[in-house]
Amino acid sequence: LTAKATDNNNAVTTSSAVSVTSNAPPTVSITSPANNAIFAAPANITINATASDADGTISAVEFYQGTTLVGTDLTSPFSVTWNNVVAGSYLLTARATDNRGAITTSALVAVTTPAFFDDFNDNSLDAGKWTVQTPASPVVVSEQSQQLRITVPGSTASYNGVRSNSS
């Protein structure tokens, strides 16, 4: 790029050439975990992201929990593992930097590691998590198809504030 200046006597001077380079920012998104994912604490959470740059290359992808840097990956596929995550709710982002220094931050991804968690994936009650307070009760508590089921017999008029419609 050059500039020309013309004075009132029509004398023209041209500036030295200057290079102008445009730089499109990179794109980045967290591909896992999914937004609102739940993990059993203490958790080791693998965070994966995709990043690209239309007019260059990706130099680094940094992974954050809030403002805390969890880790950095310099090569695709971009991934870090966040270890020993204690119970809580967290917001994750990925930040991509391209070869010319442009930076883009991904959308937020929320994850939760509740103090108590049962994913009901084994179709049995975990005695460490569940206790039947009244063993003589006619109510049956079970786990089936990844759901906690409470079965109240038809002969039971009510149980813990729940009324049976069959009585």
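Biologist: Which residue of β7 is the bridge partner of Phe63?

Modeller: In this predicted model, Phe63 has Gly71 in β7 as its bridge partner.

Biologist: How many residues sit between β6 and β7?

Modeller: Two, and the strands form a hairpin. Have a look at Gly66 in the turn, which has a positive phi of about 65 degrees.

Biologist: Let's stay on β6 and take Glu62, which has its place in that strand. Is Glu62 buried or exposed?

Modeller: The general idea is that a residue under 20% relative accessible area is called buried. Glu62 comes out at 17%, so Glu62 counts as buried.

Biologist: What does the side chain of Glu62 make a polar contact with?

Modeller: With the side chain of Tyr64, at 3.4 Å.

Biologist: And which residues is Glu62 in contact with, leaving aside neighbours within four places in sequence?

Modeller: Leu69, Gly71 and Thr72, plus Thr93, Ala94 and Arg95.

Biologist: On to the rings, then. How many aromatic pairs does the count come to?

Modeller: One. Trp82 and Tyr90 form that pair, with 5.0 Å centre to centre. For the geometry, ring planes over 60 degrees apart count as edge-to-face. Here the planes have 85 degrees between them, and the pair is edge-to-face.

Biologist: Why does Trp82 count as buried?

Modeller: Because its relative accessibility is 14%. Tyr90 has 13%, so Tyr90 counts as buried too.

Notes: Residues are numbered from 1 along each chain as its sequence is written. This is a predicted model: local features need pLDDT of at least 70, side-chain atom pairs count only at pLDDT 80 or more; totals for chains, interfaces and linings use all residues. Side-chain values use heavy atoms; hydrogens and water are left out. Two strands pair if DSSP finds at least two bridges between them. Helices (H or I, at least four residues) and strands (E, at least two) are DSSP runs, numbered from the N terminus. Buried means under 20% relative accessible area, exposed over 50%, partly exposed in between (1.4 Å probe, protein chains only). A polar contact is a pair of N or O atoms within 3.5 Å; within protein, one must be able to donate a hydrogen and the other to accept it, and residues adjacent in sequence count only if both atoms are side-chain atoms. Contact means heavy atoms within 4.5 Å. Rings of Phe, Tyr and Trp (its six-membered ring) pair if their centres lie within 6.5 Å; planes under 30 degrees apart count as stacked, over 60 as edge-to-face and the rest as tilted.
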